[in-house]
Structures are given as structure tokens and as C-alpha cells.
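Hi,

Here is the structure I promised to pass on. Have a look at it first, and then read my notes below.

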Amino acid sequence: MYAPEGAPKRGDLVVPRQHQATSVVLVHGGDGSTGSRKQMRGWADFYAAHGYASLAIDYTLAKPSTPSPVYPKPQDDVKAAVQYLRDNADQLGVNADRVVVQGFDAGAALGAQVLVGDAPAAFVGFSGRYDGSRSDQARYYGGPPDSPNPQVKERYAAANSIAQAAGAAGPALLYAGELDNPAVQSATSFRDALQGAGKDVTLTLVPGAGPSFDQEKSGALTPAGQEAAQQVLEWLQARFPPG
């Protein structure tokens with residue numbers, strides 16, 4: 001259990017007996033109204049096999065029964081997971097300054113918001129939409145984009161990570177399948193914004209791949225996912241040397 005403000009959320013914490021100082025918060029995908037931390041088993045297993053602790057989390061979903069506005073509850077859940085690892089770093093044997101957020105689809109959008117606003121050590125995003133746009137955005141943010149309500153305007157602005165790229169404190173690694181046009185466009189815009197702000201960012205477009213190319217429905221990594229996972233590992237090791 002980790003405890004954002006309000007109802008506690010569940011997370012699956014995996015800490016190998018021999019592990020690195022860097023740890024990873026895994027934020028599952030979906031459209032923001034479905035999914036669970038169980039989708040992250042393949043990634044958690046991969047990290048464990050290479051000596052990295054991970055925390056796969058659940059977060060507030062925008063279900064029909066979830067009161068409007070949903071935002072910023074999901075974002076706050078991800079922040080709370082980062083803080084949980086920081087607060088328990090000594091007990092877990094990890095470095096509080098080396099907590100990485102890795103998100104997928106809607107989880108990538110949330111992770112990017114944390115990157116530009118809450119200073120995790122780094123961010124890894126797969127198939128994210130980084131401008132805050134959603135199909136259910138009026139209910140999600142509590143009003144339409146042209147709402148005169150200043151609180152609604154603040155929610156839209158806070159969810160647009162591209163516009164806030166200058167606030168990114170750590171490096172970012174972005175992935176998108178080249179056939180997933182919305183994700184490619186969004187990741188390219190985010191990359192350009194981060195580069196324009198002088199940030200360390202890498203964008204990888206996976207040839208012939210569509211949405212969620214990295215995982216099977218069971219959560220296991222696909223061959224393309226395994227290749228990407230090895231690349232992510234090498235990227236992390238280059239920026240946070242093992243130790």
C-alpha cells in the first residue's frame with residue numbers, strides 16, 4: 001500500500017536481494033479509465049532479473065462512477081508512489097534521488113506531468129499523449145477547454161506537459177510505434193519542447209509497431225518489448241551508473 005492524499009492505493013513492490021540504487025515506478029497503460037498494475041508484470045520481472053527494484057501502482061481511474069473532476073487525483077497518485085520510494089529508500093536499500101517514473105499510454109501522460117512538476121530522477125514514456133488531451137476531457141477536468149472557471153483552466157494547463165517542458169528536472173526517454181500516429185506526433189512535440197529547453201531527451205520510433213507494442217495482453221513482453229527493455233536498461237545505466 002502507498003498513501004496519496006485520500007484513499008490509499010495498492011502497489012506491487014519488487015526488490016531483488018541484490019539490487020541497484022536506482023528504482024522504477026511503473027504506471028500502467030490504458031485510456032485512463034481501465035487497467036491495473038497487473039499489466040506491469042513483464043516489466044517488473046525484467047527489472048528484477050537485472051537487479052532493479054520496481055513499484056507497479058494502481059491509480060485513480062476515470063470510470064463513470066468517479067466524481068468529476070477526476071484530475072489531479074491520478075497525477076497525485078503517481079507523485080505519492082515516487083514519494084513512497086523516497087521516504088522508504090533507506091529501508092529498501094535504494095537511492096532516494098534515483099527514483100525513475102516509467103509510464104505507458106495514459107500512464108505515460110501522468111508520468112510526464114510528474115517529470116515537469118515533481119522532479120523524479122528520470123522519465124521513460126511509452127505511447128503517451130503529452131498535451132493533456134482526452135476523449136472525456138470535459139468530465140476529467142471539470143469543464144470544457146474554454147471554461148471561464150480558473151480552476152478548470154489550471155487543470156488543463158497542468159496536464160499539458162509539452163507546454164511545461166522547461167520544468168523537467170531529469171532526462172527523458174520516449175518510445176512510440178511508428179504506426180501509432182497520435183503517439184508519434186505527441187512524442188515528437190514533447191521531444192522538441194524538451195530539446196528546446198535544453199533537456200536530455202531521446203525519442204525512439206519502433207518500425208512497423210502500433211500502440212502497446214511492448215506487451216502481450218498477459219503482460220509479458222513482446223519481442224519488440226524485450227528489445228526496447230534492453231535499450232531502456234542501457235539508457236538508465238548510462239545516466240545512473242550501477243552501484
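**What I found**

Leaving aside neighbours within four places in sequence, alanine 187 is in contact (heavy atoms within 4.5 Å) with Tyr130, Leu174 and Leu203. Before going on, note that this is a predicted model, where local features need pLDDT of at least 70, side-chain atom pairs count only at pLDDT 80 or more, and totals for chains, interfaces and linings use all residues. Residues are numbered from 1 along each chain as its sequence is written, and side-chain values use heavy atoms, with hydrogens and water left out.

Back to alanine 187: you'll find it in helix α7 (residues 181–196); helices here are DSSP runs of H or I with at least four residues, strands are E runs with at least two, and both are numbered from the N terminus. Alanine 187 has 1% relative accessibility, so it counts as buried (under 20% relative accessible area; exposed is over 50%, partly exposed in between, with a 1.4 Å probe and protein chains only).

Next, serine 127. It sits in the loop between β5 (122–126) and α5 (137–141). Serine 127 counts as buried too, because its relative accessibility is 1%.

One more thing to look at is a helix pair. The axes (lines fitted to C-alpha atoms, for helices over the stretch in contact, with angles from 0 to 180 degrees between N-to-C directions) of α1 (residues 41–49) and α8 (residues 223–239) come within 11 Å and cross at roughly 45°. On the α1 side, the contact is made by Trp43, Phe46 and Tyr47.

Cheers
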